[in-house]
Amino acid sequence: MVELDTQTLRQYDSDYVWHPFTQMSEWEGAENLVITRGEGSFVIDSDGNRYLDGVAAMWTNVHGHCRAEINDAIKAQVDRLEHSTLLGLGNDRAALLAKRLVEIAPPGLCKVFYSDNGSTAVEIGVKMAFQYQRQVGRGEKTKFICFDNSYHGDTVGAMSVGGIDIYHAVYSPLLFPTVKAPSPYCYRCSLSAERDSGSCGMLCLKELERLMALHAHELAGLVIEPNLQGAGGMIVQPPGFVKRVRELCDRFGVLMIADEVAVGFGRTGAMFACGKEGVTPDIMALSKGISGGYLPLAATLTTRKVYDAFLGAYGELKTFFHGHTFTGNPIACAAALASLDLFASDRLLESLPPKIAYLRDRLQGLLELPHVGDVRQEGMIGGIELVLDKPSRAPYPWEERVGVRVCLEARKHGLFLRPLGNTIVIFPPLSVSLAELGLLMDGVEASIGAVTA
Ligand SMILES: *Cc1c(COP(=O)(O)O)cnc(C)c1O
């Protein structure tokens, strides 16, 4: 393989790559990093600089970069079978992984529908719920209820059930209408005592209940990011919230679609966020962490009840007419199987509590800083919200991009971070060591101090 120098790599990137969620007029010609290697909690650029990966390769990495066990599983699989198709054929890796996923999923989820990214995993859930209602004789239930400030992906269906205007407003003529419930912990309360007492979350539940009662006759499903709204700014739900949502879905005959794309696979400290709450959704979407951060793979899990509604004679057209070309790709499934093995052999979930406790302490400590307005945490996820003025909770004007500036500053401390607006995101690989987490939080603290001074 030809090793290209940084200048050439930057040039090619700038000339030919259109980056996601990026204003390319600023990107072109900037001194952008080009990553060429990964090692444990670090990514390494073309000049050999190491950065602690504070965003776990866009929230996907679980066991560290280039884990030998996953690398080996992939190499072995490549020599057996690279791809076939699940359209009309099975494959051994996909079958085995489906069984393993069902074993670790909240009880009752027993069927696995594969795809290859989080947006499609959610979109499949939405189509499944819609078709389910028709096929059980409730064809009038065609709508979805979802939450303000939620993020479920960027395809048209996933955008429709999302609630982040800054990303999706421009496409609004393309989207199907939904019923919008207030964000599980509405933004305006985010710095207030109401949050800590949980009363804000309870107010949101009251409003959710009112909306569900009003629209029950037409609601096919509810879509929620359980425990935490990720891209919406790491907004944490109060304990018991998801359980209450489950009860409301039962009461009003609405299928609960849990989008665990970000929180699944150990992020919350439990394998799945719903499991942590003792809840089984009707449909669960998984992606980001599923293959340990290696390959595009997603799965939409559902119950026997939903699955059975799709059974019938061929001519009844009850088939779920959906499928992607790379569905159940054996290499991706092999990586996912190796990742699940590592959860067990590393005793990964058991190793998390001290790291979660340490993160909590460090986040709390940041509240001392004059421009840290709020800190939020769910398991191994942290959000640090920067404000212009603490007493009045006045936000920094978004054009000032204080979040971006903090993340650029953090590179001087050997960190790679990516913010959500004015919220600094902490999302390292789950395998991060306590010492590395210390480095990460030291760098974050220093960078916030420098930029907001
Ligand atoms: C990232 C994300 C998605 C979309 O996943 P993609 O693989 O980017 O399509 C959906 N839902 C949640 C909660 C996410 O965090």
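In which helix is D92 found? D92 belongs to helix 5, which covers residues 92-104. The model is predicted.

**Ligand site**

- The ligand has a shell made up of W59, N117, G118, S119, Y151, H152, G153, E225, D259, V261, A262 and K288.
- By residue class, this shell splits into four nonpolar, five polar and three charged residues.
- S119 contributes an N or O atom of its side chain, placed 2.5 Å from an oxygen atom of the ligand.
- K288 also contributes through its side chain, where a polar atom is 2.6 Å from a ligand oxygen.
- G118 takes part through its backbone: a polar atom there is 2.8 Å from an oxygen atom of the ligand.
- The ligand on its own would expose 380 Å², and 83% of that area is buried by the protein.

**Cysteines**

- The number of disulfides is zero, where a disulfide would need two cysteine sulfur atoms within 2.5 Å.
- C110 is partly exposed, as its relative accessibility is 30%.

- A57 is not a glycine, yet its phi is positive, at about 45°.
- A57 sits in helix 3, which runs over residues 56-59.
- With a relative accessible area of 32%, A57 counts as partly exposed.
- R393 is another non-glycine residue with a positive phi, in this case near 60°.
- R393 is located in a loop, with strand 14 (381-389) on one side and strand 15 (394-395) on the other.
- The relative accessible area of R393 is 37%, so this residue is partly exposed.

- An open sheet is built from four strands in the order 1-2-3-16, with mixed pairing.
- Its edges are strand 1 (35-39) and strand 16 (415-416); each has a single partner strand, so one side of each has no neighbour in the sheet.
- Strand 2 (residues 42-45) and strand 3 (residues 50-53) run antiparallel and are joined by three bridges.
- I44 has R50, in strand 3, as its bridge partner.

**Setting of D92**

- D92, in helix 5, is partly exposed, with 42% relative accessible area.
- L81 is 11 residues from D92 along the chain, and the C-alpha atoms of the two are 9.8 Å apart.

Conventions. Residues are numbered from 1 along each chain as its sequence is written. This is a predicted model: local features need pLDDT of at least 70, side-chain atom pairs count only at pLDDT 80 or more; totals for chains, interfaces and linings use all residues. Side-chain values use heavy atoms; hydrogens and water are left out. A residue is near a molecule or strand if one of its heavy atoms lies within 4 Å of it. A polar contact is a pair of N or O atoms within 3.5 Å; within protein, one must be able to donate a hydrogen and the other to accept it, and residues adjacent in sequence count only if both atoms are side-chain atoms. Accessible areas come from the Shrake-Rupley method with a 1.4 Å probe; for residues, only the protein chains shown count as cover. Ala, Val, Leu, Ile, Met, Phe, Trp, Tyr, Cys and Pro count as nonpolar, Asp, Glu, Lys and Arg as charged, and the others, Gly among them, as polar. Buried means under 20% relative accessible area, exposed over 50%, partly exposed in between (1.4 Å probe, protein chains only). Helices (H or I, at least four residues) and strands (E, at least two) are DSSP runs, numbered from the N terminus. Two strands pair if DSSP finds at least two bridges between them.
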